[in-house]
Amino acid sequence: MMKIDFSGLEQNASLRGNPNELLSGLSTAPEFQIPNTNDFDGFQKESIQMVKPAKGTTTLAFIFKEGVMVAADSRASMGGYISSQSVKKIIEINPHMLGTMAGGAADCQFWHRNLGIKCRLHELANKRRISVTGASKLLANILYSYRGMGLSVGTMIAGWDEKGPGLYYVDSEGGRLKGTRFSVGSGSPYAYGVLDSGYHYDMSVEEAAELARRAIYHATFRDGASGGVVSVYHVGPNGWKKLSGDDVGELHYTYYPVEPTTIEQEMAEVSVS
Amino acid sequence: MPIQQANWSPYDNNGGTCVAIAGADYCVVAADTRMSTGYNILTRDYSKIIQLAEKSVMASSGFQADVRALQKVLEARHLAYQHQHNKQMSCPAMAQLLSNTLYYKRFFPYYSFNVLGGLDSEGKGCVFTYDAVGSYERVGYSSQGSGSTLIMPFLDNQLKSPSPLLLPAKDAVTPLSESEAVDLVKTCFASATERDIYTGDKLEILVLNAKGVLREYMELRKD
């Protein structure tokens, strides 16, 4: 029977030796309980149906002359129901690194927070900030060890380290890709269309932000599972900064303003007889 | 002999609805008291709300056995926190503790749909909404449970607060007064009771403010 690798959750052993039972759950990370069933995959499929993680999303990130631009929508859907219009899909791992969320919301939130903890421990142990390569590898290794167990994570790790701007795509199948342009989620085809046709390496920060915003907007226009607020972040040599957060409903009218038309026929009051 | 599959599920859904609304200096948390299984009502008088800390109240719908287990874990963790730190846990801290507690059962989830309400360290109302495996978000109002799809659009219409993701930021708490918010909650449940078979019997409302916690009940349709 394959042994599951929980090293991602281990913490350093307590200095006090054997802590008492009540507090033992506090100093060491609690272990993942596994259901006592023969059909683990079937059980996971059923419980995923119950949880129905949010898959509908549009996120994108690209590298350009001035750093990394990261943008995302904010809609979370459970089947056809919109469970939230204000989900934070750009997660601030540390002041120099961002992660994007696509797939299971809880999976992305938990593992990004866990990655932030690991990055901080790396800084304390090595007296220098972790590279984007290193951070993305940490996350990819953890996700690979849970491969097949039903985690759903499609994330991009964006940051600026000693080698300059860095961008990696990491997913729960265990994939990890280095690249300059990525878009993840159900709205990604639409975002790629706008992003790829408007991209130049030599853009200014404002131009890049506008491209990112437009790409996400158009994805929310055509993809029912994307919507809410477009958030745009820029990662520069001094860390990340949130540039804008715009409601897509309002953004529509800045791209497609309503032309005032001449009124041909005034509406008349209907007399009640 | 053909392969036989087990038909037993560890989960059941006991129904029910929870709502929470955050105000400028108060928080309202409410839930109905009906507990059902299938088409049967098990009891008309079951509380889904628990006060975890001085300024944190949690309401949960779903499978009440898992809800009770989750409540006990959080109560124990809060007690240990008080022993270690000599103070009560703040609401945002309890919110993250709940998220982590739910995620540690990621592969055998608590079938519990939670809403956490309370006052943050500035005394402002805060509401956190969760899914079954721990993803959470601070919001101005939320509802979970069988009647949530009926109540949420109504709350969106009455209370739609600006998204916290907007830049420049706008405040997320409702401009309503405490009594207006309580009336709104009563209206929500009266309507949800009409169209959701799992919601009804009695409504339990908790109001948290600087003075403490107040509890109120309202009768709902029992059919």
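**Figure 1. Lys202(B) counts as buried, at 18% relative accessibility, and forms a salt bridge with Asp45(B).** Buried denotes under 20% relative accessible area, exposed over 50%, and partly exposed the range in between, with a 1.4 Å probe and protein chains only. This is a predicted model, in which local features need pLDDT of at least 70 and side-chain atom pairs count only at pLDDT 80 or more, whereas totals for chains, interfaces and linings use all residues. Residues are numbered from 1 along each chain as its sequence is written, chains are lettered from A and ligands numbered from 1 in the order in which they are written, and side-chain values use heavy atoms, with hydrogens and water left out. A salt bridge requires a side-chain nitrogen of Lys or Arg within 4 Å of a carboxyl oxygen of Asp or Glu; in the pair shown, the closest N and O atoms are 3.0 Å apart. Lys202(B) belongs to strand β11 (residues 202–209) of chain B, and Asp45(B) to the loop between β4 (40–43) and β5 (49–53), so that distant parts of the chain, 157 residues apart, are linked. Helices (H or I, at least four residues) and strands (E, at least two) are DSSP runs numbered from the N terminus. Asp45(B) is exposed, with a relative accessible area of 54%.

**Figure 2. Glu204(B) and Arg215(B) form a salt bridge.** The closest N and O atoms of this pair are 2.4 Å apart. Glu204(B) lies in strand β11 and Arg215(B) in strand β12 (residues 212–219) of chain B, so the contact ties together parts 11 residues apart in sequence. Glu204(B) counts as buried, at 1% relative accessibility.

**Figure 3. Glu162(A) and Arg128(A) join two loops of chain A.** Their side chains meet in a salt bridge (3.7 Å, N to O). Glu162(A) is in the loop between β7 (154–161) and β8, and Arg128(A) in the loop between α3 and α4, so parts 34 residues apart in sequence are tied together. Glu162(A) counts as exposed, at 68% relative accessibility, whereas Arg128(A) is partly exposed, at 48%. Elsewhere in chain A, Glu210(A), Arg213(A) and Asp246(A) are linked in a network of salt bridges. Over all chains, the structure holds 19 salt bridges.

**Figure 4. The largest nonpolar core comprises 33 residues.** Such a core is a set of buried Ala, Val, Leu, Ile, Met, Phe, Trp, Tyr and Cys residues joined through side-chain atoms within 4.5 Å. Trp111(A), Tyr146(A) and Ile157(A) have the most contacts inside this core. Two or more residues each come from β5 (90–94), α3 (105–126), α4 (132–145) and β8 (164–171) of chain A. Helix α3(A) gives the most, with seven residues. Apart from this core lies another, of 22 residues, including Phe62(A), Ala71(A), Ala191(A) and Met203(A). In soluble globular proteins, nonpolar side chains tend to be buried together.

**Figure 5. Ile117(A), Leu121(A) and Leu124(A) form a nonpolar surface patch.** Patches consist of residues with over 30% relative accessible area and no salt bridge, like charges being joined within 9 Å and nonpolar side chains (Val, Leu, Ile, Met, Phe, Trp, Tyr) within 5 Å. Leu121(A) is found in helix α3 of chain A and counts as partly exposed, at 48% relative accessibility.

**Figure 6. Val194(A) lies in helix α5 (residues 188–198) of chain A.** This residue counts as buried, at 15% relative accessibility. Leaving aside neighbours within four places in sequence, Val194(A) is in contact with Leu211(A), Arg214(A), Ala215(A) and His218(A); contact means heavy atoms within 4.5 Å. The C-alpha atoms of Val194(A) and Ala212(A), 18 residues apart along the chain, are separated by 8.6 Å.

Figure 7. Among the buried residues of α1(B) are Val67(B), Leu70(B), Gln71(B), Leu74(B) and His78(B). Asn86(B), with a positive phi near 60°, follows α1(B).

Technical notes. Accessible areas come from the Shrake-Rupley method with a 1.4 Å probe; for residues, only the protein chains shown count as cover.
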